[in-house]
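Please consult the sequence and the structure shown here.

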Amino acid sequence: MSLDEDARWLEWVTKQFESIAGDDKEIDLDEFKTALKVKESFFAERFFALFDSDGSSSISLDELLKALDLLIHGNETDKLRFLFQVYDVDGSGSIDPDELRTVLKSCLRESAISLPEEKLDDLTLALFESADKDNSGSITFEELKAELENFPEVMENLTISAANWLKPPNLEQKKRKTPRYLTRAYWHNNSRKLFFLCLYALLNVLLFIVAMQKNAHGGPWFMVARGCGQCLNLNCTFVMVLMLRRSLTWLRATWVVRILPLDQNILLHQLVGYAILIFSVVHTAAHVGNFVRMSQNDGMYQLWEYLFTIRPGIGWVNGTASITGVVLQVLICLMSVCSSTFVRRSGHFEVFYWSHLSYIWVWALLVVHCANFWKWFVVPGVMFLIEKIVGMAVSRMGGLYIVEVNLLPSKVTHLVIKRPPFFHFKPGDYVFINIPAIAKYEWHPFTISSAPEQQDVLWLHIRSMGQWTNRLYEYFRQPESQTISSKRLTASLRNRRHQSRAQDDIFKSAIYNGTVASNKDDAVELTLYRSSVTRTSSSQKPVSDPEAQVDPGEAPPVPRELTAKLSENHRYCNIKCYVDGPFGTSTRQIFTSEHAVLIGAGIGITPFASILQSIMCRYRMRKQNCPSCNYSWCETIKDNEMKLRKVDFIWINRDQKSFEWFVSLLTKLEMDQADEEPEGRFLEMHMYMTSALSKNDMKAIGLQMALDLLAKKEKKDSITGLRTRTQPGRPDWAKVFQKLSEEKKGRVHVFFCGAHALAKVIKAQCEHFGFKFYKEHF
């Protein structure tokens, strides 16, 4: 923190103290925890003991401010001395192994990191052996100071400010900055979108003006209604064009992607939706105003008759314009409300899904409501109909089945689907999936997490965040005996021979993906299972019953009671599903980039799972090995398939468990690379755990030092098991992007998938550094 921030923080501490302290103007230990928001009792007690200079078991404001002033304005030695005193629990002037272990254990609790006791002992031993230079069995102040000097980042943080040690709340920094929408970088990086929006706005204005001029005879209200009506003709058809996913996917492979903002079709769809809402409200209000004028002037009909009856004869189909207009207004408002972020992100996606299907009624009513709407609608409507027919045909072909399920940490469901031979996709594409066993009519979009080079299966990783995804997770959690169908059992017993063949295919697929037999017990269980199936099927006679015949183009049903079960959360199955797609996203631009930066937050890693696997597959194809030695390198020649020179992968998770479900793939990717490359590592990984205290927090300094030392010793991270060290806290995006800028590996393209709030922060940094920014939308 700067000096101004330190002063404001001391002012905040003073106010906190005064609001908590009683009439005696002093605070006890419990009040101290509340004042500085220190969670772990160990650190609260140590801070309290050091601040209580007179040993009165209470702290006055003067004692507190004196101690904090030392931390803020003291020199490096003063701050180190305070750190040493925190670790020296018994005040003996040295730190013994038991004291260090107690401190590290408290650090782990504060950082929400769960490690076994053996790993805690290893951490303690690694830090103690490194710091105890004279092997005396204890660490002195001088030895701790010498050890800290081996960690420049820690020393830098000590020099800046030790007030951060007490983890103050984030203070709002009110600085006057130029709005980013007015900066040159923003206009440069959003040129396609802004150009398109200008054309869109200009077209609406022209249509509005022309329609008003043509209907000038009807008065101001009538002119406004007609102007909005003409704009609605455009927008109610254009909103459909923006969701022609197959057409947009095809256009992404053409030169059009360099002119039109195809990657932001969802954003534009939402924008046009809001425009429809506004135009429709103004259109309706203008007609109401016109009807009020007409009812007062001619007196033939009352206002309610104009609005809710066909008596006035307004409209080209039996005078139904007013009635259809009222219904349309209600439907449009309902769709707008149910499409809001609050509804979609609050676990009620089904409300959005079913209400959005009313677009069919909207188009039908618009054809009846407006005499000219069909002229606008006919071409986009035919395209829409063709896409739907193709989608239904594609989704029903192939007889797809979910053949394997993994229930992973953080309530992530990993589905393995047998891939049909005609299914071709690009890394980062997504599909809509329907699982009748979960919901017969619901389709939900998810990114394909397997690589296109993986020919046999498709992977989907689905995090439980709403009703449908929670039902999916719970469906595979329930005991298998509860889901057995007696009818299916009878048919399945007749098809053991076909089941054995299907299970062999699944088994081979699982071996290919490295998912079979995570340990010795699982391997034995799987072997016994396959042996029992083989023995049973070999003794079974051929079946001639028509009910038992299996469609050759369809995978035979494997009963769940005969499913190979590797563990409670990992099993083979045979669940019918339908898949529509694939559909392209902005991530298709990755292979045309020179320096790609992939940033995923939480489950936002899924599109990059496919991309990273595909990248490394192509990387291996370009990799060369010297026949006379073990030296290996990667050809740097660019080609049409992959122009990448460098890939930086950044994954941000809240807690330790969130890393577990994807670590096995990342481990394989790390092993694919040589430790040394002529131009540095082709793929660099950066892991961040936001619940862990950062290195500039005093409560975490010892732990981060121990984790660094143990990672160097074991050549793997203690949290994830990867070679890449997991960084605590949130990324400092300014430093991250500054480093990327200095690497000079070509034009930097940043691809992000995650929370919208984080996307805004990263996009602002991209605009500052002149990087191209892409956000995953579907």
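The sections below cover the basis of the values, the aromatic pairs and one asparagine.

## Basis of the values

The model is predicted: local features need pLDDT of at least 70, side-chain atom pairs count only at pLDDT 80 or more, and totals for chains, interfaces and linings use all residues. Residues are numbered from 1 along each chain as its sequence is written, and side-chain values use heavy atoms, with hydrogens and water left out.

## Aromatic rings

Rings of Phe, Tyr and Trp (its six-membered ring) pair if their centres lie within 6.5 Å; planes under 30 degrees apart count as stacked, over 60 as edge-to-face and the rest as tilted. The F751 and Y774 rings are stacked, because their centres are 4.8 Å apart and their planes lie at 10°. F751 belongs to strand β17 (residues 748-753) and Y774 to strand β18 (residues 772-775), so the pair ties together parts 23 residues apart in sequence. Strands are DSSP runs (E, at least two residues) and helices likewise (H or I, at least four), numbered from the N terminus.

F751 is buried, at 0% relative accessible area, and Y774 is also buried, at 8%. Buried means under 20% relative accessible area (1.4 Å probe, protein chains only). Elsewhere, ring pairs join Y359, W363, F373, F377 and F384 into a cluster.

## Surroundings of N233

N233 lies in helix α12 (residues 220-241) and is buried, with 4% relative accessibility. Leaving aside residues up to four places away in sequence, N233 touches C370, F373 and W376 (contact means heavy atoms within 4.5 Å). N233 and K375 are 142 residues apart in sequence, yet 9.1 Å apart in space, C-alpha to C-alpha.

Terms used
Buried < 20%, exposed > 50% of the residue type's maximum accessible area, 1.4 Å probe, protein only.
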